[in-house]
Amino acid sequence: MSDKKLHVIPLGGLGEFGMHMMALRYGDDIIVIDAGMMFPEAELLGVDIVTPDLTFLKENRHQVRALLLTHGHEDHIGAVAFFLAEFNVPVYGTAFTLSLVERRLEEYEVPDEPDLHKIRPKDLIEIGPFKIEFIHVTHSIVSAVALAITTPVGVVIHTGDFKVDPTPTDNELFDLHTLADYGKRGVLLLLSDSTNADRPGYSDSERAVRPRLEDVFNRAESRLFISCFSSSIHRLQQIIDLSHESRRKVALLGRSMTSVTEIAHSHGLLSIPDNVLIRPQDVMNSKPSQVTVLISGTQGEPMSALSRVAVDNHKHISVKPGDMVVLSSRIIPGNEKTIFRMIDHLARRGADVLYGSMNPPLHVSGHGSMEELRLVLNLVRPRYFVPIHGEYRQLAKHARLAEHLRNVGLEETFLCETGDVLELDHRGARKAGRVTVGRICIDSGAPGEVVGEMVVRDRRLISEDGIVLPIIAINKHTGKIESVPEIVSRGFGLESDQEFMRAAREVVVKTLENSSEEEKTDAGVMKEKIRADLKRYIHRQAERRPLIMPVILEI
Ligand SMILES: [Zn+2]
Ligand SMILES: [Zn+2]
């Protein structure tokens, strides 16, 4: 018998939120599952996205054979461009997932033409010693799959993200049969989504949102603004259907909203009745009771369409008293302050804002709760189990859910974190050391800026380009600028160039001039705008990317 071993190596997403990436190695062949990103925390201001450290894969460069994608959420595909810049290997995913990848690749210059392979559920592919079957799962995004990977030492099931939705809005059912078939034949290792492992019961079906949305449509007398994640195609479909039924036209607002709906529509995953769509510039001329605006920016992202509308700084659209604004999404922990500030602005404009948890819900989770996780565990009945996709407390809860399987063949559950190596062979499984992992901060340029080159740098490099602190004193009540903006910098190297610094101050003044009074009273919005504009200026003029941290003194 061969003494080759199977190594399962999480490179991101275990014991942390987002940034999913997993490597499987058998002999000299490595396949990689997902390449996701995470959004930076506030402490990393000045950095746009965070991706997994690829050192382990780079050290084994000649062994990397393929990238397999489970679905199109950013925490699973957001780092594909950075991965492809290093490894020119084939990428496998469903047609919709790959279209979302292509949309992201347009923003970056990847050296070689990417080798994208469309797969469909039930397809079987072979990569070196791995035979991979794709299994359809239900999730908050369409076209999501789990992977059944047959290796010389046994079968590994990777669930991707899932919930067990018994009544999905597109009637594409979770392929539990195939999962159970593998379970019957014997599964060596299960890797399963733990995001909601701390929620008892079942997650609501996507259909549960419909009655609540119906209620909203019945109550709305004027313009209706609805914000949800642009990738939630099921949700968008329900909103478009309800708009059509209540004779409202639909306008799409925000870059991601327009491009993702276009992609979903072109794949036949989103049906849009004729003559329903109107252009954003026609919204204000239409009868208020006959318009729905689908708008991106549920998390209060300062540059998003909804944030701009909230401070009345959108080219075509403003919120008027009597309008209704619905946030059909969850409040991602950490974003509360920004979201509530945006809601305050909307309320100030006289809008009725609906948000948060209500019964029936305005939003349902895309991840399975305890009973769904148990169902998958019971069907797969693995010999070994590793909870994935979650912070440590969720992984630990998920491990507990598997305890009862000890009677039916579960030998051990491993609580692994990013970087831990799990080794499997004909004798069994064990932890076998760690590999280099970490976070890479990426500066992708300001929204709207075309990034000609991919700039990857860690915080050490950022510190090499120095720090720039624009300091602005704003009168909190009037929104008036109290003095000429100052710019302080350290380690930037151009502080003695008076002409450059004068022009930089001028950029800040312009940003202030182009902002509405209400925006100026919102330090969060102003910081982001100043950062974006100054960053663009400094990069264009000096080819540098210092850390820019605007300081707003509210007087
Ligand atoms: Zn995810
Ligand atoms: Zn997901």
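**View 1. The irregular site of the zinc ion (ligand 2).** Angles among the 4 donor atoms of the zinc ion (ligand 2) run from 90 to 162 degrees, and the site is irregular. Four donors would be tetrahedral with all angles between 85 and 135 degrees; four are square planar and six octahedral if opposite donors are over 155 degrees apart and all others between 65 and 115; anything else is irregular. H71 (NE2), H73 (ND1), H139 (NE2) and D161 (OD) coordinate this zinc ion (ligand 2) at 2.1 to 2.3 Å. Donors are N, O and S atoms within 2.8 Å of the metal (3.2 Å for Na, K and Ca); water is not among the atoms, so sites may look incomplete. This is a predicted model: local features need pLDDT of at least 70, side-chain atom pairs count only at pLDDT 80 or more, and totals for chains, interfaces and linings use all residues. Residues are numbered from 1 along each chain as its sequence is written, chains are lettered from A and ligands numbered from 1 in the order in which they are written, and side-chain values use heavy atoms, without hydrogens and water.

**View 2. Two zinc ions share D161.** The zinc ion (ligand 2) lies 3.4 Å from the zinc ion (ligand 1), and D161 coordinates both. H71 sits in the loop between β5 (64-68) and α2 (74-77), and H139 in the loop between β9 (130-137) and β10 (144-151), so the pair ties together parts 68 residues apart in sequence. Helices (H or I, at least four residues) and strands (E, at least two) are DSSP runs, numbered from the N terminus. H71 and H139 are both buried. Buried means under 20% relative accessible area, exposed over 50%, partly exposed in between (1.4 Å probe, protein chains only).

**View 3. F83 in the largest nonpolar core.** This core has 90 residues. L57, F83, F96, I157 and L294 have the most contacts inside it. A nonpolar core is a set of buried Ala, Val, Leu, Ile, Met, Phe, Trp, Tyr and Cys residues joined through side-chain atoms within 4.5 Å. Another core, of 33 residues, lies apart from it; Y26, I31, I388 and L395 are among its members.

**View 4. S489 in strand β25.** The strand spans residues 486-490. S489 is buried, at 7% relative accessible area. Beyond neighbours within four places in sequence, S489 contacts I467, V468, E495 and M501. Contact means heavy atoms within 4.5 Å.
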